[in-house]
Amino acid sequence: MDPIDPTADHVRPAMPDERADVRGMHLANRAAWDEAAERYEAWFDEAVALIASGGTNLLPPERELIGDLRGSCRRAIHLQCAGGRDTLSLWNAGADEVIGVDFSPRMLDLAHRLAAAVGAPARWILADVLDTPTELDGTADLLYTGRGSLMWLQDLDAWAGVLRRLLAPTGRLVIFEGHPAEWLFDVDEDGRWIATDYDYFAGPEASKGWSPEYIDHLSIDDDDQSWKFARAWTLGEIITALLNAGLHLDRVAEHPTDWWGGHADVRPADRGRIPLSFSVLGRLPPA
Ligand SMILES: C[S@@+](CC[C@H](N)C(=O)[O-])C[C@H]1O[C@@H](n2cnc3c(N)ncnc32)[C@H](O)[C@@H]1O
């Protein structure tokens, strides 16, 4: 099951002219995410309390990959940072400075407010991730992304090229992301895994409406929301894009971790049987 609502009336394959227009799909997504920021606004006080108490929103596999950043990370860059809660979790993990990039003005407004509330040394850059400013090139001691990010991108080669240019010579790339296989499974009323009718190889689909476990209903009716374009990139496409960009991959792993709480209704006996997330640890190749 994916974070859009697969049962909503408004789900259809993207049309050929839409698929051919990467930037057009991203612009539509930007409008949809600005609407969805309403949900993140409701989580603001919780986010302030979490970050102010030195806490983290990162999940155990991410914490293990990222480790203790104190003394080893001058700059952490978080791509598709939303309201900044995960970005500032990197600050709490010890990064001296954090930079978040996102294309939603409303999300970045939240991120600004969150950083101000906790006094964090953060910068927020409003940009499509594909247009991340070149002034950041070669500066990321930690480059982090994931948790529902790749599915919104419609040009993975361009994305992987951005990762490559942002990494500092000794920087680490950490991706922790939803597993594409996740889109193929849902649960029946007894909590047993069943197959969805999602086509793994279909490419982008257009939708309105959000899954109740995540963004749920907004103050704008589903009918009146912006169309958005998402897709499950296959693991092969993701890894190939990273390798083609010239990145060195130290580790690729698959995890049963439910990264967005979309599978809480799986019966205990069936937990852990399906990969729901994956991670990549990478860096620039040795000079
Ligand atoms: C599910 S959130 C990312 C996960 C995040 N860690 C969180 O706290 O939920 C997806 C984010 O990606 C952003 N986004 C989607 N496509 C983007 C693009 N092409 N460029 C920049 N940001 C993008 C959205 O605005 C949204 O804030």
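This is a predicted model: local features need pLDDT of at least 70, side-chain atom pairs count only at pLDDT 80 or more; totals for chains, interfaces and linings use all residues.
**Around strand S5**

Colleague: S5, helix H7 and S6 make a β-α-β unit; is it right-handed or left-handed?

Modeller: Helices (H or I, at least four residues) and strands (E, at least two) are DSSP runs, numbered from the N terminus. Here S5, helix H7 (residues 156-166) and S6 form the unit. Point the strands away from you: a clockwise path from the first strand over the helix to the second counts as right-handed. This β-α-β unit is right-handed.

Colleague: How many residues of strand S5 are buried?

Modeller: Buried means under 20% relative accessible area, exposed over 50%, partly exposed in between (1.4 Å probe, protein chains only). S5 covers residues 140-146 and is largely enclosed by the rest of the structure, because its buried residues number 7 of the 7.

Colleague: Which residue in S6 stands opposite Gly146?

Modeller: Two strands pair if DSSP finds at least two bridges between them. S5 and S6 (residues 167-178) have 6 bridges and pair in the parallel sense. Opposite Gly146 stands Phe176.

Colleague: Which residue forms a salt bridge with Arg74?

Modeller: A salt bridge puts a side-chain nitrogen of Lys or Arg within 4 Å of a carboxyl oxygen of Asp or Glu. Here the N to O distance is 3.8 Å. The pair spans 67 residues, from the loop between helix H4 (60-66) and S2 to strand S5. Arg74 is exposed at 60% relative accessibility; its partner is Asp141.

Colleague: Asp137 forms a salt bridge with Arg165; how far apart are the closest N and O atoms?

Modeller: Asp137 lies in the loop between strand S4 (122-126) and S5, and Arg165 in helix H7, so the pair ties together parts 28 residues apart in sequence. Asp137 is partly exposed at 29% relative accessibility, and Arg165 is partly exposed at 23%. The closest N and O atoms are apart by 2.5 Å.

How values were computed:
Residues are numbered from 1 along each chain as its sequence is written. Side-chain values use heavy atoms; hydrogens and water are left out.
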